[in-house]
Amino acid sequence: EPAPASDEKPKKSPIEITIFDASGAKIRTLKGTNVKGLNRATWDLRYEATQPVRLRTTPPGNPHVWEEKRFRGKDNRGVFYYGINAIRSGPLVAPGTYTVKLAVEGKEFSRPLVVKKDPNSAGSEADVEASTKLSLAIYRDTNAVARMINQLEWSRKQLEDFKKMLAAGKAPQADTAAAGDLDKKFHAVEDTLLQPTLAEEDQKSFRGPLELYLKLLWLQAEVGSGAADVSGNADFPPTQPELEVYDLLSKTLADSRRQFDELYAKTVPAFNEAMRAKGYVQIMTVKEPEEPPAEPAAPEEEEP
């Protein structure tokens with residue numbers, strides 16, 4: 001017998017518009033609406049937004065954070081700070097020729113797109129390219145920091161639950177102490193990347209200095225087109241202070257990355273081996289998947 005008719009509408013294939021640079025590297029992906037008729041997609045000449053930070057642990061300074069209405073029922077929360085949405089925007093592309101590909105129903109259509117320098121700008125194309133080059137370096141470092149924080153949060157969340165299980169099972173004090181020591185090592189690295197007050201959801205975070213994640217985001221705004229109350233400098237080459245600040249932050253990131261790599265190459269495996277011998281669960285290394293571009297809100301279809 002034929003299968004009963006379903007009231008569900010067939011799922012439409014996604015429509016994607018992808019921007020590539022001259023080397024073929026992907027710059028940005030935009031989503032179509034899948035709605036018949038005339039549609040418009042707008043590219044703001046930027047790279048994808050920086051990867052978001054997803055916090056999963058309970059901060060000691062705010063143990064009731066998950067009871068807040070905005071976080072109830074969720075397994076992670078973002079970083080909320082003045083201007084964060086604006087400064088997370090990707091850097092502007094440099095003048096040049098790009099390729100736009102439209103993918104729809106298994107077919108692809110390509111067109112070249114030329115991006116030109118603002119003729120009213122006093123900066124030269126070389127100036128803009130120098131600004132873009134530094135913006136991209138900061139952008140990649142910011143994404144690296146976000147990925148490190150997200151991986152640490154996954155590890156710390158597992159350790160948070162593990163410590164609760166140890167307490168419930170009335171495990172020996174030595175086992176609880178070992179878990180606590182590993183947690184301190186995770187904290188030591190994460191605190192160089194993201195100030196603890198942000199994990200407590202203090203949106204101003206005036207109780208301590210900014211750490212790498214926000215420092216890089218604000219520097220990108222300074223070097224690029226600006227954001228929030230930062231004017232930006234995208235049409236001119238980076239200033240000497242901007243270059244010096246980036247050099248300093250790069251060295252700090254390199255130090256944090258060495259500590260991070262050692263944690264996962266040596267400390268975590270050693271901890272897991274000790275816990276395995278006692279029949280306990282192991283700490284998995286979880287890497288946060290890249291955030292896909294947001295789906296546009298499709299207009300409601302009228303009833304016939």
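The model is predicted, so local features are reported at a pLDDT of at least 70 and side-chain atom pairs at pLDDT 80 or more, while totals for chains, interfaces and linings use all residues. Residues are numbered from 1 along each chain as its sequence is written, and side-chain values use heavy atoms, with hydrogens and water left out. The chain holds 6 helices and 4 strands. Of its 304 residues, 38% count as buried.

**Overall build**

- The order of elements from the N terminus is β-β-α-β-β-α-α-α-α-α.
- Helices (H or I, at least four residues) and strands (E, at least two) are DSSP runs, numbered from the N terminus.
- The C-alpha trace spans about 75 × 70 × 35 Å along its principal axes.
- For accessibility, buried means under 20% relative accessible area, exposed over 50%, and partly exposed in between, with a 1.4 Å probe and protein chains only.

- Two packed helices are described by the angle between their axes and the distance between the axes.
- Axes are lines fitted to C-alpha atoms, for helices over the stretch in contact, and angles run from 0 to 180 degrees between N-to-C directions.
- Angles under 35 degrees count as roughly parallel, over 145 as roughly antiparallel, 65 to 115 as roughly perpendicular and the rest as oblique.
- A crossing is left-handed if the near helix is turned anticlockwise from the far one by less than a right angle, and right-handed if clockwise.
- Helix 2 packs on helix 6 at about 25 degrees, with the axes 11 Å apart. Helix 2 is therefore roughly parallel to helix 6, and the crossing of this pair is left-handed.
- Helix 3 (residues 173–193) meets helix 6 at an angle of about 165 degrees, again with an axis separation of 11 Å. The two are therefore roughly antiparallel, and helix 3 and helix 6 cross in a left-handed sense.
- Helix 5 and helix 6 (residues 240–276) have axes 11 Å apart and an angle of about 155 degrees. This pair is therefore roughly antiparallel, and helix 5 passes helix 6 in a left-handed crossing.

**Second largest pocket**

- Helix 2 supplies the largest share, 4 residues.
- By type, the lining has 13 nonpolar, 9 polar and 5 charged residues. Nonpolar covers Ala, Val, Leu, Ile, Met, Phe, Trp, Tyr, Cys and Pro; charged covers Asp, Glu, Lys and Arg; the others, Gly among them, are polar.

- Most residues other than glycine have a negative phi.
- L45 has a phi near 65 degrees. It sits in the loop between strand 2 (26–31) and helix 1, and is partly exposed because its relative accessibility is 33%.
- E201 has a positive phi of about 70 degrees. E201 belongs to the loop between helix 4 (196–199) and helix 5, and counts as buried because its relative accessible area is 8%.

**Selected helix residues**

- L159 is part of helix 2 and is buried, at 0% relative accessibility. L159 and R77 are 82 residues apart in sequence, with 18 Å between their C-alpha atoms.
- M275 lies in helix 6 and is buried, at 2% relative accessibility. From M275 to N34 the C-alpha distance is 51 Å, over 241 residues of sequence.
- L243, also in helix 6, is partly exposed at 37% relative accessibility. The C-alpha atoms of L243 and V223 are 9.3 Å apart, at a sequence separation of 20 residues.
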